[in-house]
4 protein chains.
Amino acid sequence: MVRVGIVGATGLVGQYLIKTFIGHTDAQLTVLCSDHASGQQIGDVCPILKNELYATLVATDVDRLAKETDIVFMAKKGPEAMKMAPPLVEAGVKVVDMGGAFRFDDPATYEEWYKTEHLCPGLLKDAVYGLPETHRKEIVSAEIIGNPGCYPTGAILPLTPLLEKGVISKDGIIIDSFSGISGTGATYSAASRNLYLQCNENSRAYSVATHRHMPEIEQELSRVAGDGLKVVFVPHLIPLDRGLLTNAFASLTSDYSTDDVVELAREYYRGEPFIRIFDDISRVELLHVAHTNYCDIGYTVDKRTQQLIAVSAIDNVIKGSVGLAVQSTNILFGIEETSALKNRAI
Amino acid sequence: MVRVGIVGATGLVGQYLIKTFIGHTDAQLTVLCSDHASGQQIGDVCPILKNELYATLVATDVDRLAKETDIVFMAKKGPEAMKMAPPLVEAGVKVVDMGGAFRFDDPATYEEWYKTEHLCPGLLKDAVYGLPETHRKEIVSAEIIGNPGCYPTGAILPLTPLLEKGVISKDGIIIDSFSGISGTGATYSAASRNLYLQCNENSRAYSVATHRHMPEIEQELSRVAGDGLKVVFVPHLIPLDRGLLTNAFASLTSDYSTDDVVELAREYYRGEPFIRIFDDISRVELLHVAHTNYCDIGYTVDKRTQQLIAVSAIDNVIKGSVGLAVQSTNILFGIEETSALKNRAI
Amino acid sequence: MVRVGIVGATGLVGQYLIKTFIGHTDAQLTVLCSDHASGQQIGDVCPILKNELYATLVATDVDRLAKETDIVFMAKKGPEAMKMAPPLVEAGVKVVDMGGAFRFDDPATYEEWYKTEHLCPGLLKDAVYGLPETHRKEIVSAEIIGNPGCYPTGAILPLTPLLEKGVISKDGIIIDSFSGISGTGATYSAASRNLYLQCNENSRAYSVATHRHMPEIEQELSRVAGDGLKVVFVPHLIPLDRGLLTNAFASLTSDYSTDDVVELAREYYRGEPFIRIFDDISRVELLHVAHTNYCDIGYTVDKRTQQLIAVSAIDNVIKGSVGLAVQSTNILFGIEETSALKNRAI
Amino acid sequence: MVRVGIVGATGLVGQYLIKTFIGHTDAQLTVLCSDHASGQQIGDVCPILKNELYATLVATDVDRLAKETDIVFMAKKGPEAMKMAPPLVEAGVKVVDMGGAFRFDDPATYEEWYKTEHLCPGLLKDAVYGLPETHRKEIVSAEIIGNPGCYPTGAILPLTPLLEKGVISKDGIIIDSFSGISGTGATYSAASRNLYLQCNENSRAYSVATHRHMPEIEQELSRVAGDGLKVVFVPHLIPLDRGLLTNAFASLTSDYSTDDVVELAREYYRGEPFIRIFDDISRVELLHVAHTNYCDIGYTVDKRTQQLIAVSAIDNVIKGSVGLAVQSTNILFGIEETSALKNRAI
């Protein structure tokens, strides 16, 4: 039984991690940390967990986490993950960082885009980018997992097979993404302007071509396509709770048909439990993946322009965050990969 | 006083045309045609018009329209516009077609994309594409106005200045559009799948690279950019009533900055009453244009990739349909162009 | 392992029954009937089940259901349930009717409100109203379960303890209910007017004081309060997918406080796995019960008027339909009552 | 030309007042006060007013308002209205308070429910409750208008005719109200919890039987029904921008039919430009009144229980606030009552 600790247990990500692990047959929650609600029952603080779990929140305590857990999820904003990872790894505890500190190979990229010093660059060699479909083998032996951002997950999954097989050019890729409001977090932020009246009946772009997830997408696509890949990336908000629709455009390198591309992707992802591929882009809908760990992908080749259009749909909170982290955890501990993730909505 | 007739008065477009003309000081509604509701009071059939207008619906009657109107809006699906335009024009009545029959210079384009014969190709020479910002001078003396589609309006307005001035390349333009559900019409359609449960908390692409509005966009952009311009066009639905967000991507032909582009567009549209241009794409929001005739446009140059990103926001029912038609009507009859359109929401 | 059959497998209720049973450890789906999609894979017909279950739909076949199932869920509109129940019961198969045919003690009530003849009134004596919190003991040995309507579930649960204990008067009860759009079903209906444009940014009452669920509420409340109880019942639609908020008003029979009432209800429902009671009505929120089998209940006594205000929140599809049916099934077969229902969202 | 000043010009109410007056032919905006944005162009601060009005915001300045306006709208939270009303009235300027300070006849009621001292109780005798349908004659000569709350407007309009004519009992009235999120204001408030994720796909009650609008409802209904009238009042939030649905329940004093009640109300409100009465409650929909100054009202008599059910629908921002205030202003200055309010959406 894998013992699980969560730092930042009462945030949006923390709560959904808890909700997922409650239903996990091979893992159990042992330490739930919340500095502002320590001493309280989790169900009293988080209504969706009332009667679902009886556990008392504790203040964040590295020593206790080191002793009473096998894996710790860092679901708290700020430098905490970089401060706590070294002693936890030292104690043999696996760390999954839900933030950006362990996603980049090069600490300079992190420092440039997150505008803060990396506190443990030496640990990056032990960290793995936690996207099972592209890093499963390294996840098996990772000490630290840098859990991917939601936008990168939605962009990397449809494009990786095509870039690796040379079907599309690495130049001129455009990624136009549309996220539900849960992507902005559960507390008020003037920057994300996440009031109902600002979001409902509205859509708008933000962080145009400057979003932190852009270098993450470029790093991962460069792995398969070679250095120097750059993308145009524009994130938008759309008025719904859960879901991330990614529209990617790329130039075909040769005269491929939609069928060619679909077949190639199906072959590439054969056996993947959470990838569903469609030969009709209009069958990729947020509604079909909401509350699940699926990534639905569709491709269309526009013969008139020789452009490939790829669309993916994920639940930004699940496949774009919490579900992905649990999937990696299952791999890391040799548990059935779909445990707590399939045949149930979250 | 311009006398106005509407064919298809109780549809979504018909109702909003009526609502707009009620507040018009230089035009009056004289003949409202509805074949399925003839004899009834408009306010009893359309709740939003109750107490707003007292008028009896009549069956469609070309003779009466010819005698009692100066302009007729064809807001009914099907071949009616092509059947009624010839006698109306003959009688000296102006025609505004809210459908696609009079938008194309070449009847063959219409026939290819609408899968039906054009019934009066000879009249196309008297028809003008009804986008005032790009065709104002021809609208003045038009006999027939082919009122633009909503997607074309959202795409043509931000791109025309840049193509005309050679700032962006005509090759490789990508248009990724997101429409509110009112774009699918007010009656149930299995194809548009416009039930609440199919739309709410959902987003999906449709008619990928095959939508009828694509040749319309290409025709209008080719006018300023030269022949052979082709676009990749993907329309999507997002869960809201009113609004159309258009994201366009194009290659810059030289090292232009965001400021260069914004200044050029502002100069191009100087004096336009319904164009607002922003130098920050994230300030272009559907919420700001809903229920108005504005088209808000923003530009960002992505220096890393030398790509231009343009975003426009319109209310698909107003600037994408009804408001546009009234704006053209004002021009056609020498009325103040903003009459019934500014300082009021619709 | 309980063998489960579903008639009407591809409807909204059918799909969610399947989704729930997929995760059930003591039951398995053996026969999925759909007359219009027989021969097809369930995952091809219902996108939310793609990759979740591999099963071929069959035409409705009573003999096969009789042989290959232990329990059949009738999730198809129309008289089917009344036609199929007799042979199934005869064959020893349990029947859960998701419609109204087996909810009433008196066939005349059914015939009056459903405007159709009851085809097997003799079977009503073997049928139990399937609300575990009020009929658990009878469910254990039921042949047929009349699964409750969503509105009755939301109304009966908060009021039953207070009526049984005589805390509120049985005269003058008002029930004002607000349902999400999934309550209107998954196909277009002019009567329920469930297009996006008719529902979004809207709310309205319907079937005012004439809804079929009214006699059902009265039957069940009369059981504990005595004959002659009548309620004022007004259902409304609100723009969301899942959820049913019930507001009930009743006169207190004596000078009870909010604490008195809350304590009484907590005592009454002690041990109930899916009832959560709050002493602050504003803590009862649809968001907290969506995708779960919980019924959250809050009470406030208005001292100024000696009126009791009760609010309940359920997911109309789960606790108001599918979850309730699975809960009853668990009871019927001696399975842990929360199997497939707790620690997971549906 | 009536000169209009607004204090709190950039708030939600302020912006919509401006939007309404822009289209007013007999009034003009002369002083727009905003302490936090003084010196800025209104269109730069409020995107919905960009290009609609060119005016510079000024710091709140009583002297200037006294000189340059004929009427001032107090649209700022806090005690400002009570501080500024005395000098403005002294200077002969009319005051419309959009808050609660001038709604009550008795300052003690204000002090009890608003938990703050009334700063100018002596002025209450010059103040009129600004609901034209019930106070038109007094509004004509008012110095100060206490503009009604949205919930009271929705409750008073359907119930007043019936109470005045003795058709319903003044005892046991229940008012169950459902407001869109714009009712909570445009800035974040932990109490109103108006984040998108807290409101979307949710509904909940708040301020149960303790809301400040309750004594306002009671005061106004007591005027026609006699002292001692008390109501049970429960406000809720529903996930939409604009709209307030009020469900009221009352006991009939005699054997009236729905037709009786509808006829009585139609007679009572004959000639009212913004009241529409329906004999079918399900025809009262928020969608039909959104962005208008209408109050739609429906009645149903439940013969089984001798209860009257009344439903009203208003746009909480328009008929529940801004439109009401402009309607009163029109009356006050002898302008056509529907000026800037009819034949246009706001």
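Q: How many residues do chain A and chain D bring to their contact?
A: Chain A gives 12 residues and chain D gives 12, where two residues are in contact if their C-beta atoms, placed from the backbone, lie within 7 Å. This is a predicted model, in which local features need pLDDT of at least 70, side-chain atom pairs count only at pLDDT 80 or more, and totals for chains, interfaces and linings use all residues.

Q: And what classes of residue are on the chain A side there?
A: The side of chain A that touches chain D has 7 nonpolar, 3 polar and 2 charged residues. Here Ala, Val, Leu, Ile, Met, Phe, Trp, Tyr, Cys and Pro count as nonpolar, Asp, Glu, Lys and Arg as charged, and the others, Gly among them, as polar.

Q: OK, how many residues of chain B are in contact with chain A?
A: 36 residues of chain B, and they meet 36 residues of chain A. By class, the chain B side has 20 nonpolar, 8 polar and 8 charged residues.

Q: Switching topic: what does chain A span along its principal axes?
A: Its C-alpha trace spans about 65 × 45 × 40 Å.

Q: How many of chain A's residues are buried?
A: Buried residues make up 60% of the 346 in chain A; buried means that 20 or more other C-beta atoms lie within 10 Å of a residue's own, with C-beta atoms placed from the backbone.

Q: Last one, how are residues and chains labelled?
A: Residues are numbered from 1 along each chain as its sequence is written, while chains are lettered from A and ligands numbered from 1 in the order in which they are written.

Note on methods
Buried ≥ 20, exposed ≤ 12 C-beta atoms within 10 Å, placed from the backbone.
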